[in-house]
Amino acid sequence: MDSISGKAVVLGALRAIGRLRKESREGKRLTFERHVAPVYRMIEVAHKDYVDGFLATKKAIKSSTAPSEVIDFLYDVRRGALMVRGQALVKIEQMLDEDRYGGRGLPAGGKSTKDFYEAAQGYLYGATAPAAVSWYSDYVRFVETSAKYLPGDCWEQEVFGNDPRSDLTFAIERVLDRIEIKFRVVTQQYLVTQRNLVA
């Protein structure tokens, strides 16, 4: 009788462990689907908006008659995916808020999402200035400064032998390169997180 009850206890414990593992796997999958994947989709939308916006800005620089037209265009373009960027940042900040979770209350597998959220946050705060609201912020300031400190029509002058339009388009190319690098990091972390939570 004792050996039978001992076997029953062991079998019951093994079944309970199996259920816990299954629930844990399901919880991790749900964490990925409900928290990680939506943020990545928002970053994809923001990334497409940035790339399209900067490519459109290059065209605007070539066709404009004055820097003020480009500044107006940039202010309009930067509104593009503003709402999506804001929603993504709110979600990221919530998931990275150590005080809020304090290691407890995180969704299943939540700790393994940290690198992804930090990469996504780094992407959205990727502009060089600490106070930059978006990748457009620094570039808008760059164009405004060019227009303000170059006397007369800075589209026509070649200060220091440089063509202002070429300088501005070169700056766009540098921003696009940085955006792509940051987005690649987000994508890599997304795939690592997916493997950790859904595998």
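**Seven helices, term by term**

The protein has 7 helices and 0 strands. Helices (H or I, at least four residues) and strands (E, at least two) are DSSP runs, numbered from the N terminus. This is a predicted model in which local features need pLDDT of at least 70, side-chain atom pairs count only at pLDDT 80 or more, and totals for chains, interfaces and linings use all residues. Residues are numbered from 1 along each chain as its sequence is written, and side-chain values use heavy atoms, with hydrogens and water left out.

Me: Why is Thr-193 called buried?
Reply: Buried means under 20% relative accessible area, exposed over 50%, partly exposed in between (1.4 Å probe, protein chains only). Thr-193 has a relative accessible area of 1%, so the residue counts as buried. Thr-193 sits in helix 7. Of the protein's 199 residues, 38% count as buried.

Me: What does Thr-193 touch, leaving out residues up to four places away in sequence?
Reply: Contact means heavy atoms within 4.5 Å. By that test Thr-193 touches Val-36, Ser-112, Thr-113 and Phe-116.

Me: What makes the buried residues of helix 2 line one face?
Reply: Pro-67, Val-70, Ile-71, Leu-74 and Val-77 are the buried residues there. Seen down the axis of helix 2, they fall within an arc of 130°, so they line one face. The arc is that of the directions from the helix axis to the C-beta atoms.

Me: What makes a nonpolar core, and how many residues has the largest?
Reply: A nonpolar core is a set of buried Ala, Val, Leu, Ile, Met, Phe, Trp, Tyr and Cys residues joined through side-chain atoms within 4.5 Å. The largest has 41 residues; among those with the most contacts inside it are Ile-43, Phe-54 and Tyr-123. Helix 1 (2-63) and helix 7 (164-198) are among the helices that each supply at least two residues of this core. Helix 1 gives the most, with 11 residues.

Me: Which residues does Tyr-123 contact, leaving aside neighbours within four places in sequence?
Reply: The contacts of Tyr-123 include Ile-43, Tyr-50, Trp-135, Ile-179 and Phe-183.

Me: At what angle do the axes of helix 3 and helix 5 cross?
Reply: They cross at roughly 140° and come within 10 Å. Axes are lines fitted to C-alpha atoms, for helices over the stretch in contact, and angles run from 0 to 180 degrees between N-to-C directions.

Me: Which residues of helix 3 and helix 5 meet?
Reply: Among them, Ala-88, Leu-89 and Ile-92 in helix 3 meet residues including Tyr-117 and Leu-124 in helix 5.
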